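Here is a friendly briefing to read alongside the model. Keep the viewer open as you go through the points.

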Number of protein chains: 6
Amino acid sequence: MSTTRPSGRRFDELRAVSIERGYTKHAAGSVLVSFGDTRVLCTASVEERGPAWKKEGGWVTAEYGMLPGATHTRGRREAAQGKQSGRTQEIQRLIGRSLRACVDLSALGSCTITVDCDVLQADGGTRTASITGGYVALVDAVASLRRSGALKRDPLFGQVAAVSVGIYRGVPVLDLDYLEDSDCECDMNVVMNDAGQFVEVQGTAEGHAFRREELDALLDLASSGIRELIDAQRRALAS
Amino acid sequence: MSTTRPSGRRFDELRAVSIERGYTKHAAGSVLVSFGDTRVLCTASVEERGPAWKKEGGWVTAEYGMLPGATHTRGRREAAQGKQSGRTQEIQRLIGRSLRACVDLSALGSCTITVDCDVLQADGGTRTASITGGYVALVDAVASLRRSGALKRDPLFGQVAAVSVGIYRGVPVLDLDYLEDSDCECDMNVVMNDAGQFVEVQGTAEGHAFRREELDALLDLASSGIRELIDAQRRALAS
Amino acid sequence: MSTTRPSGRRFDELRAVSIERGYTKHAAGSVLVSFGDTRVLCTASVEERGPAWKKEGGWVTAEYGMLPGATHTRGRREAAQGKQSGRTQEIQRLIGRSLRACVDLSALGSCTITVDCDVLQADGGTRTASITGGYVALVDAVASLRRSGALKRDPLFGQVAAVSVGIYRGVPVLDLDYLEDSDCECDMNVVMNDAGQFVEVQGTAEGHAFRREELDALLDLASSGIRELIDAQRRALAS
Amino acid sequence: MSTTRPSGRRFDELRAVSIERGYTKHAAGSVLVSFGDTRVLCTASVEERGPAWKKEGGWVTAEYGMLPGATHTRGRREAAQGKQSGRTQEIQRLIGRSLRACVDLSALGSCTITVDCDVLQADGGTRTASITGGYVALVDAVASLRRSGALKRDPLFGQVAAVSVGIYRGVPVLDLDYLEDSDCECDMNVVMNDAGQFVEVQGTAEGHAFRREELDALLDLASSGIRELIDAQRRALAS
Amino acid sequence: MSTTRPSGRRFDELRAVSIERGYTKHAAGSVLVSFGDTRVLCTASVEERGPAWKKEGGWVTAEYGMLPGATHTRGRREAAQGKQSGRTQEIQRLIGRSLRACVDLSALGSCTITVDCDVLQADGGTRTASITGGYVALVDAVASLRRSGALKRDPLFGQVAAVSVGIYRGVPVLDLDYLEDSDCECDMNVVMNDAGQFVEVQGTAEGHAFRREELDALLDLASSGIRELIDAQRRALAS
Amino acid sequence: MSTTRPSGRRFDELRAVSIERGYTKHAAGSVLVSFGDTRVLCTASVEERGPAWKKEGGWVTAEYGMLPGATHTRGRREAAQGKQSGRTQEIQRLIGRSLRACVDLSALGSCTITVDCDVLQADGGTRTASITGGYVALVDAVASLRRSGALKRDPLFGQVAAVSVGIYRGVPVLDLDYLEDSDCECDMNVVMNDAGQFVEVQGTAEGHAFRREELDALLDLASSGIRELIDAQRRALAS
């Protein structure tokens, strides 16, 4: 199957992915992740107490933001607006759930790890880049807690990464950039672990619904893309 | 395959579904939908002008709320809190997108239809009941616009309905009630049209990821459940 | 004295009143009250701790809301607006004060009862219906606390009910509906107990002030109307 | 009938009332009103355009505030809290309605007059002092509009003043101060015009309901007190 | 050097300054300060507990507000807007820092003193009048804490006062009024203590930057003006 | 004069300064500025319409934010808090005023340029880095407007840069880093133009007031530091 994607990529080709650890110095984990021109700074901060609403065990949560200048047309600053948009809240809830899917909270003691994902430059796929890079920041934060003796055993099991897929001009494609995303009526964000299991599947078809076989093709594409991302995370963590 | 669901239902059995039109008198469409003990009042109100941010064509949007007394433990009133929770916004965005999936907005003239889904009693599946009942309210609102001559042609194509599925004690089951929902680590909300195509798929597996064959089984269950709901909508609209 | 009210009612005639207990299943008290086409769902929820600002004794409070589709023209959802209007706050403060007028708070132990009054359909008199139905929900909630052994003695003394009165086309009338309410320059909400004493009197004459003898006539009308409502509450509680 | 009020006043005696016009220089009307130790600065500001929500005619509205240092225990600043309390909104709505009761809005052209009532020192009765002083500020603002030629005819008809009454230790008394107000279970705010008619009657009996003859006695007291306040307004306006 | 200021004042002449203590009766310190037509009510309220965020020692803080009718054109009420403007916050932070510059917080025990500065009438220089009058209210509040035995030693060292300076039509002038302030491109607020040292210097030159020798001349003017204000504070405190 | 600064810098030595243009691709100007470990991303976005409140001419404004992970202890996200802190507003107002000091707004046509300064990593001096880098982003944005023909003449006159100075352990020092800033009782932020004139001077001495000769020494230090920064801006713009 061939296609003409705006970027010239093959239908099953990820954008260039880079995962740079230690990008800033204060947070326990700090990762600049790029999926092509999409660049997200993921920092994981550690607080040695659990959340107020939880009697025991720790917690992992995420917050998401987009710098006003990150998009073609300047976005309004949510802090100045006085609230986070529904979209922002939906994304940060997704990131938090996805990262918790590889954490044994009871092993986190009474620690809270907050993963902040701030988009410096947006070109489609900011939430999947956030999850993929946020995982690496989370690993670094857990390592710092392990080194300091705050955690008796490793709370992490497995890896988590995410990618988007969609049907662009009739063809299922992997890792949509902004041009594809805005010209595509149905897309799906998929989060998987390193055992090839599904953590989140969020497919949306506003206007054009997708058939079962299309859905199946998209899930296949996502699975293979996520295998590559899992490898990229491993290489970054090994360096 | 057999299971022991708390309600005694078969794994592929919907709860008793009822769709009562004309429940209140002011809104153009007003439907009380019940999925077992879950009861949602869906009203569709019509305004003969498009949204401010859109130059032409109409719009369909949804808002969602849960009465404080609708749940076991009284929930806090969002109006008194001063904001809608992330969960509420996520749900109402889902309802809006789902309903727009069967509307030709360019045929809506410059009308806005707002579908309010207010949960009177909650027992799991409030968002899927909202979509299923909201569709019927939307049809009634469109009919009133057609009668008044505000619309030249029918903006609706096809039907939309929704159901939840999940893996309860190892078994894929259809239409989870509250007891199942709170004891189930992965569930999925599925929205489909009457052509059997997918409009939204939102699967979440916090803690326990699901395998591809589980995902496939859940999608099959959802498809058959939605066929029944589509029939229930038709019967309600015919009466 | 004769009049031609839009509804054909006599000047001293209430609308059909119905009080349906157990309308929903989770709240300790749940009442659907109707004054003609005005329908309010009143739920009384129980929390076994007093309010934070009070060192001892319990508390009874109320919250009020109107579903967006309850009125002729869709109202804006207060949760989406980010605040409750002045009107809403005024009404819920009135309901709370009225209900507390028949409760010995020191006998409530350290329980808080919250009475939520949510208007499903509005046709005038939503606040008086809320008080009248809210009282019945409160009785059911107190009974549940008595059954569970949380309260040593009965905190309730007497009954409380409410009705509106006003001068419509020169004639004092009882229990105004929406048509009368919007065409009437002065109206009064009266809350009384079963001893025939006044708990709240709120008369407003924007534009046309009322003379003392008019005020007297309105108070007489209210007294007789409230006697009927007190009876209706008794019948509902006896069933 | 005799009583021992904390202040030594007779049961039907107002506190010393003073109404000082031209207290500040920028607003069209600026009045410092004192009811004993209660001191409220009422300014009436004029804007030569009607409110956005009204197609024609002018508008009179009021806002109310209490300086944090005005009370025994410092109150929290509502601007810092981010919202006006329910009590504040209830009071400013009452002031606005009361003042509009003596204004022919159609004669106000397209002017908006805003009466700000800010309590410098509180000792009970701030809302009734606000109405009584606010009326004088309103008259001055209307006079400035008349002088500038903005209004063709006088929009004011009659006067409006307000006083509180209540049952203190079993005796109906006029114009409650803070000591009486906090030790009194039922009180009533009464707004009347110079024809002796009622504009607003707001009686509240939290805990101890009042009998019809008590209500009557309170209304009598209020009527005579308001006659004195109407005279005080006239003297202030004549000076 | 001569100039023609709108008020006829010499370039180095303050407006008439008055400092009236005991203006209201509830707050521990209550001062009405006037710099010409600018009038600010400063009240200092005492709470016998430190701020939540501070483990030991007391705190002095300030809040600032402008009554809506205080200015030529009515300002919007910040409480109704739902937030304090950036300008308001900037001013109240400045007042708080300035007053803390003469307080030994460790000697304040666990007391918090809040100085509220509410502008009754504005004619330029409201923040400098607030600091100058607020200091006197603070002294009175500390004295009341000393009398009650709450403080073992005097937490105050030195005095603090403030004045504005600016370049008006090419000439450095002292204590700008509204007419000068609005026609002047650079101005500076200076806060000093009674030892002639600088506590705050805030110079702003939007549009026209100032040269070093102009800056020096302004600082000289401010120093001499503040000496006079320090004397006025002393006289007020001695009376 | 010698000193032992934590960084080993001489008292009059700036940190390493770098100004990297074109850091992100969407905004008209995008600059990553570093003052040592302080890193701020400054983007200048262009909108071809003036602000709503201004009848003619353009506008330059600034917004400021700090990423939660930018500091030692994670800061709370202002968007999630629902408002910008007083500190944030004060800083962004300062940046905006400083940048406008070198812009002829009447030559900006009806364009608005918004300079967003987002701190990626904080180590003291974030506001002065923001102004210094924001100026360069502004120049790039103006150049893009000139290229597109939107501006007939150059609205920029002169350059603007900023630096902090303070007294650290008795010695006036230039460009404080976090360690110095937190251990220093008086500091000053100075904004100057390339003619050596002062645009803003903000000195604060909470606790320890500074003498006139100290103030003079700090102004001298700032002047020389800003000359270097002006050169650094020129080099960046020339490359």
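Contact here means heavy atoms within 4.5 Å. By that rule, no contact joins chain C and chain F, whose closest C-alpha atoms lie 11 Å apart. This is a predicted model, where local features need pLDDT of at least 70 and side-chain atom pairs count only at pLDDT 80 or more, while totals for chains, interfaces and linings use all residues. Residues are numbered from 1 along each chain as its sequence is written, chains are lettered from A and ligands numbered from 1 in the order in which they are written, and side-chain values use heavy atoms, with hydrogens and water left out.

**How chains A and F are related**

**Salt bridges**
- The whole structure holds 162 salt bridges over all chains (a side-chain nitrogen of Lys or Arg within 4 Å of a carboxyl oxygen of Asp or Glu).
- R77(A) pairs with D118(F) in a salt bridge, with the closest N and O atoms 2.9 Å apart.
- This pair crosses between chains, from the loop between β4 (59-66) and α1 (78-81) of chain A to strand β5 of chain F (helices, H or I of at least four residues, and strands, E of at least two, are DSSP runs numbered from the N terminus).
- R77(A) counts as buried at 8% relative accessibility, and D118(F) counts as buried at 4% (buried is under 20% relative accessible area, exposed over 50%, partly exposed in between, with a 1.4 Å probe and protein chains only).
- E90(B) forms a salt bridge with R93(A), the closest N and O atoms being 2.7 Å apart.
- Here E90(B) is buried at 9% relative accessibility, whereas R93(A) is partly exposed at 32%.

**A buried valine in chain D**
- V190(D) lies in strand β8 (residues 186-193) of chain D and is buried, with a relative accessible area of 0%.
- Between V190(D) and E200(D) there are 10 residues in sequence and 5.7 Å in space, C-alpha to C-alpha.
- Leaving aside residues up to four places away in sequence, V190(D) touches several residues, including F198(D), E200(D) and I226(D).
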